[in-house]
Amino acid sequence: MDAQTTSVLNRIIRRIPNKNIEDLLKKWNCLSADQLRALDYTRPKWVIVEHVISFCEENRLNMKHITNLEMIYHIENPDRGTWHACQLAEAQDDAVCVELTQFKEQFKAHLHGVIRHISIKLKKHEDEAIWIRIAWGDNFNKPNHLKPTYVVHHLHTSYVFISNLTAKHKIYLCQALVIATKHGSIKDGHLSTKSLTAMRDLLLRRYQQVFPNAHSRILQDRNTVSSHPCIGKEHGDHEEMRRQMSCEAFGLGPSPKLETAVYRLETRYRGTGDHSLGDREEFFRGVVRFSSSGLLDSLRHCVASGIAEGPVTPLLSAITQRGRNYFVITDKGPGVSSQASAQTAPSQQTL
Amino acid sequence: MALLTPYSKVPELNTATVLLVESEEELQSKLADAIVHHEKDFNVNVRLARRLPLPVENKEGRPRVDLMVFIVNLLSEHSLQSVESSLTHLHSDCFLGKVCFLVTDARCGSHTQERLVSLRKLAASHQCPVLCAEHRTEDGVNAAAVRLLNILKVSAGMSPLATTALYLSSLTRCSVTSDLEED
């Protein structure tokens with residue numbers, strides 16, 4: 001095994017806590033049963049790493065097997081690193097007929113055609129997600145396996161989740177995705193989180209949504225069960241209304257765990273105090289950043305408990321309705337609107 | 001402006017009603033559960049509100065309120081301000097023994113001491129008692145519920161010794177001593 005292979009293996013094993021290494025190696029299925037039994041997980045980490053490296057050399061494993069191990073590790077622990085969402089647009093007529101094998105061939109063919117040295121690995125997970133690992137090289141250098149890009153795509157949806165992509169390689173990846181999925185363009189989704197599961201749940205709507213309807217019976221029934229008949233609420237109707245509003249905006253039950261929402265202001269100052277600030281021509285630039293361990297749950301609680309006055313401002317409900325957490329707010333006519341920059345064609349969206 | 005009056009309705013037999021007013025709605029429901037489960041001798045109705053004035057729609061169905069408890073969380077400035085504005089919606093008859101203040105988090109931090117002093121001055125000017133409660137443990141909530149029930153019994157006229165609410169409040173009302181005023 002060459003130096004790069006050992007360093008990749010080193011890095012993977014060092015990151016995992018000792019108790020999880022055994023499961024991962026079993027899933028990987030490249031070490032024999034005797035070797036697995038011989039590993040003692042109570043020893044210090046560097047001892048385990050050395051043993052694993054020596055077993056891999058015994059079995060004559062190469063970079064392909066090690067990258068397989070890395071992929072398995074990432075698939076099992078999707079909530080590491082920073083993930084960004086992109087959205088495919090302008091689907092062509094036969095986009096719904098794209099199958100896995102076709103996607104694979106087209107994707108690999110395009111990238112191999114553009115870059116001479118590149119290493120691509122595709123895996124389909126049981127929940128219909130395609131995981132792609134790309135180690136980039138260029139026309140003269142071998143692929144760098146220490147900084148791979150990971151891409152997750154669910155076929156026939158328009159979302160792609162990308163981690164660890166540099167600006168240099170962005171254009172190649174985007175071209176390949178657009179061609180392989182038979183769409184016209186791809187644009188930045190303005191959503192980035194640490195947790196892939198949260199991002200997936202939000203965009204693919206895997207949380208419990210509440211839609212506005214004339215009878216908000218569902219939420220009412222849940223509420224009145226726990227209350228004693230002697231306890232009466234004066235502001236019960238208001239409470240119900242607030243709960244309904246908050247659930248419509250942010251979902252019911254456990255919501256996807258977003259961590260931040262960022263609003264970049266490019267508006268003119270409109271306060272009543274200091275007039276010198278308001279008369280200027282240039283923008284009053286500011287950035288408002290919400291951080292939390294569970295942002296959507298906190299916002300929902302703010303609205304439901306009455307800390308924030310309802311109705312929910314569209315700036316906040318846009319997080320779930322549009323699936324983004326980065327917004328640019330500009331002055332446009334009588335109201336405020338936000339602009340999203342697209343990759344291929346500049347388009348303006350109003351909130 | 002419709003004020004909340006204590007004597008405008010007829011009392012029900014063997015029933016007492018307490019109104020808990022709290023703008024955060026944190027301690028309210030726990031206290032309500034504790035009160036309702038504690039009292040076995042007579043019926044207790046608990047009404048929960050965030051602030052006064054109470055919605056007009058409920059006026060018909062609302063029973064006569066025997067005791068109004070204002071719950072103030074000393075960690076929040078908004079809590080105290082909300083109570084001050086709610087007090088203006090009470091008829092002055094209420095202050096003859098039917099209003100009580102319940103304070104939480106009285107021992108945390110320095111801002112709470114200032115707020116406690118201002119609340120005590122407010123209570124003293126209205127001649128009402130101030131209770132301190134500990135709301136984070138179940139025992140604390142139960143203890144507060146028992147104390148409120150004792151006051152409620154007198155306010156609803158159920159005390160066997162024929163103690164009136166006015167007499168009790170003159171015994172328990174908050175007083176502002178001179179060393180508090182020096183702070």
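Predicted model: local features only at pLDDT ≥ 70, side-chain atom pairs only at ≥ 80, totals over all residues.
Student: Let us start with a helix. What span should the 14 residues of helix α4 of chain A have, and how far apart are its end C-alpha atoms?

Tutor: Helix α4(A) covers residues 45-58, and at 1.5 Å a residue it should span 20 Å; the end C-alpha atoms are 20 Å apart, which agrees with that expectation.

Student: Which residue with a positive phi follows α4(A)?

Tutor: That residue is Arg60(A), with a phi near 55°.

Student: Now a strand. How many of the residues of strand β5 of chain A are buried, and which residues lie on each side?

Tutor: Strand β5(A), residues 159-163, is mostly covered, with five of its five residues buried. Both of its faces are covered, for Tyr159(A), Phe161(A) and Ser163(A) are buried on one side, while Val160(A) and Ile162(A) are buried on the other.

Student: How many bridges join β5(A) to strand β1 of chain A, and how many join it to strand β4?

Tutor: Strand β1(A), residues 83-91, runs antiparallel to β5(A) and is joined to it by five bridges; within this pairing, Trp83(A) has Ser163(A) as its bridge partner. Strand β4(A), residues 149-154, also runs antiparallel to β5(A), and four bridges join the two. Here Tyr150(A) stands opposite Ser163(A), the residue that also partners Trp83(A).

Student: What do β4(A) and β5(A) form, and which residue in the turn has a positive phi?

Tutor: They form a hairpin with four residues between the strands, and in the turn His156(A) has a positive phi of about 75°.

Student: How many salt bridges does the structure hold, and how should I read one of them?

Tutor: Side chains of opposite charge can pair when their charged atoms come close. Over all chains, the structure holds 15 salt bridges. In one of them, Lys26(A) pairs with Glu22(A), with 3.2 Å between the closest N and O atoms. Both residues lie in helix α2 of chain A, four residues apart, which is about one turn of the helix. Lys26(A), at 47% relative accessibility, counts as partly exposed, and Glu22(A) counts as partly exposed at 33%.

Student: In the salt bridge between Glu239(A) and Lys233(A), is Glu239(A) buried or exposed?

Tutor: Glu239(A) has 18% relative accessibility and therefore counts as buried, whereas Lys233(A) is partly exposed, with a relative accessible area of 39%. The N to O distance in this salt bridge is 3.4 Å.

Student: Where do Asp297(A) and Lys257(A) lie?

Tutor: The side chains of Asp297(A) and Lys257(A) meet in a salt bridge at 3.9 Å, N to O. Asp297(A) lies in helix α12 (residues 295-304) and Lys257(A) in the loop between α10 (236-250) and β8 (260-267), so the pair ties together parts of chain A that are 40 residues apart in sequence.

Student: Which residues do salt bridges with shared partners join into one network?

Tutor: They join Arg11(A), Glu70(A) and Arg133(A).

Definitions and conventions:
Residues numbered from 1 in each chain as written. Chains lettered and ligands numbered in written order. Heavy atoms only, no water. Expected span 1.5 Å × (residues − 1). Buried < 20%, exposed > 50% of the residue type's maximum accessible area, 1.4 Å probe, protein only. Pairing = 2+ DSSP bridges. Salt bridge = Lys/Arg side-chain N within 4 Å of Asp/Glu carboxyl O.
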